[in-house]
Amino acid sequence: MNQLKKETTDIVDSLFSNEPIVIDMDRTMAFEKALKDAQAGDFIVLMGMGHENYPTVFHYPVTSDNELVDYFNTKLT
């Protein structure tokens, strides 16, 4: 997974070299951080997971973006 993270970081850095970027390969943890960092008027955009050709293990018990949003909606209310 470290190689995948490095490749992802290299691509993002080449596209957005002047912007501060944080990459977390666990999308559930990245979403939680986005929620904590968001301010009034901010948007959080979840890009589709697409077909996963490898097993994914998430910190939170979800298997899709819909479940992720539902999980945090339940957790925050």
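Visitor: What is the place of I11?

Guide: I11 sits in helix 1, residues 2–15. Helices (H or I, at least four residues) and strands (E, at least two) are DSSP runs, numbered from the N terminus. This is a predicted model, in which local features need pLDDT of at least 70, side-chain atom pairs count only at pLDDT 80 or more, and totals for chains, interfaces and linings use all residues. Residues are numbered from 1 along each chain as its sequence is written, and side-chain values use heavy atoms, with hydrogens and water left out.

Visitor: Why does I11 count as exposed?

Guide: Buried means under 20% relative accessible area, exposed over 50%, and partly exposed in between (1.4 Å probe, protein chains only). I11 has 52% relative accessibility, so I11 counts as exposed.

Visitor: Which residues make the nonpolar surface patch?

Guide: I11, L15, F16 and I21 make a patch of about 390 Å². Patches are made of residues with over 30% relative accessible area and no salt bridge; like charges are joined within 9 Å, nonpolar side chains (Val, Leu, Ile, Met, Phe, Trp, Tyr) within 5 Å. Accessible areas come from the Shrake-Rupley method with a 1.4 Å probe, and for residues only the protein chains shown count as cover.

Visitor: What does E32 touch?

Guide: Leaving aside residues up to four places away in sequence, E32 touches Y60, F72 and K75; contact means heavy atoms within 4.5 Å. The side chains of E32 and Y60 are joined by a polar contact of 2.6 Å. A polar contact is a pair of N or O atoms within 3.5 Å; within protein, one must be able to donate a hydrogen and the other to accept it, and residues adjacent in sequence count only if both atoms are side-chain atoms.

Visitor: What makes K75 and E32 a salt bridge?

Guide: A salt bridge is a side-chain nitrogen of Lys or Arg within 4 Å of a carboxyl oxygen of Asp or Glu. The N to O distance between the side chains of K75 and E32 is 3.4 Å, and they meet in a salt bridge. This pair links distant parts of the chain, with K75 in helix 3 and E32 in helix 2, 43 residues apart. K75 counts as partly exposed because its relative accessibility is 44%.

Visitor: How many salt bridges does this rule give?

Guide: The count comes to 4. One of them joins the side chains of R27 and D65 at 2.9 Å, N to O. That pair also links distant parts of the chain: R27 is in helix 2 and D65 in helix 3, 38 residues apart. R27, at 21% relative accessibility, therefore counts as partly exposed, whereas D65 has a relative accessible area of 16% and so is buried.

Visitor: Where do K33 and D37 lie?

Guide: Both lie in helix 2, 4 residues apart, about one turn of the helix. K33 forms a salt bridge with D37, with the closest N and O atoms 2.6 Å apart.

Visitor: What is the mean pLDDT of the chain?

Guide: The mean is 81, and 84% of the residues reach 70 or more; pLDDT is the predictor's confidence in each residue, from 0 to 100. Confidence is lowest in helix 1, at a mean of 79, and highest in helix 2, at 91.
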